[in-house]
Amino acid sequence: MDRRVKKSIAALKEALISLMVEKEFREITISEIVQRADLNRGTFYKHFQYKEDLFNDVMNDLIESYQAPYKTIEVLDIERLQSSTIRIFHHVENHRTFYQMILKPTALSGFQNRLGTVIKQLSLEDLLVGSDDKAINKDLLASYHAYSILGMIIQWVQDEFKNTPEYMAEQLVKIIHYRPIGVTVPKK
């Protein structure tokens, strides 16, 4: 994708996000988006069919960011997970205005639920595929993973991004490996 296309798509995303500050998503029109982005409708329709497609473009970036630690390897070894491979917090910071909008306490819960559902589905499809422990419900485990990460993101947004994405990734790794005092996990 050349620079002009990237710049146009970024302008459309920013326009949508700035409009979401002012009004409900369902009330925003494509005309308003292109006017705010200082582009024409043809540019919008060259890349997107509906305003929801523009929103989904941000979700696709979220998916790529979530998959970054394991996209190029066959098996993800949680014990060897490095914080430097975790990209989801960089994604959130890059789209901070968007996340501040959809994760604020007064926002429509539909967006938060959609984020949780996207992360949960990724967990089910990518991380729990080979899981053969019949004692653990995969759907509940995927929800646990998804909403733990979403909870960290919500807290980070509420704290106004006072920590860096690197710090958040380090904390995620530490939390994954955390075991309360006196609790041991048997080695396989």
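His95 is in contact (heavy atoms within 4.5 Å) with Lys13, Val58 and Asp61, leaving aside its neighbours within four places in sequence. This is a predicted model: local features need pLDDT of at least 70, side-chain atom pairs count only at pLDDT 80 or more, and totals for chains, interfaces and linings use all residues. Residues are numbered from 1 along each chain as its sequence is written, and side-chain values use heavy atoms, with hydrogens and water left out.

**His95**
- His95 sits in the loop between helix H5 (88–94) and helix H6 (96–103). Helices are DSSP runs of H or I, at least four residues, numbered from the N terminus.
- His95 is buried, at 15% relative accessible area. Buried means under 20% (1.4 Å probe, protein chains only).
- Its side chain makes a polar contact with the side chain of Asp61 at 3.0 Å. A polar contact is a pair of N or O atoms within 3.5 Å; within protein, one must be able to donate a hydrogen and the other to accept it, and residues adjacent in sequence count only if both atoms are side-chain atoms.

**Helix H1**
- A side-chain oxygen of Asp2 comes to within 2.9 Å of the backbone nitrogen of Arg4, at the start of H1.
- Buried residues of H1 include Lys13, Leu16 and Met20.

**Nonpolar core**
- The largest nonpolar core holds 50 residues; Met59, Ile88, Phe89, Tyr99 and Leu103 touch the most other members. Such a core is a set of buried Ala, Val, Leu, Ile, Met, Phe, Trp, Tyr and Cys residues joined through side-chain atoms within 4.5 Å.
- H8 gives the largest share of this core, 8 residues.
- Not counting residues up to four places away in sequence, Met59 touches Phe98, Tyr99, Leu115 and Val118.

Technical notes. Helix = DSSP H or I, 4+ residues; strand = E, 2+ residues; numbered from the N terminus.
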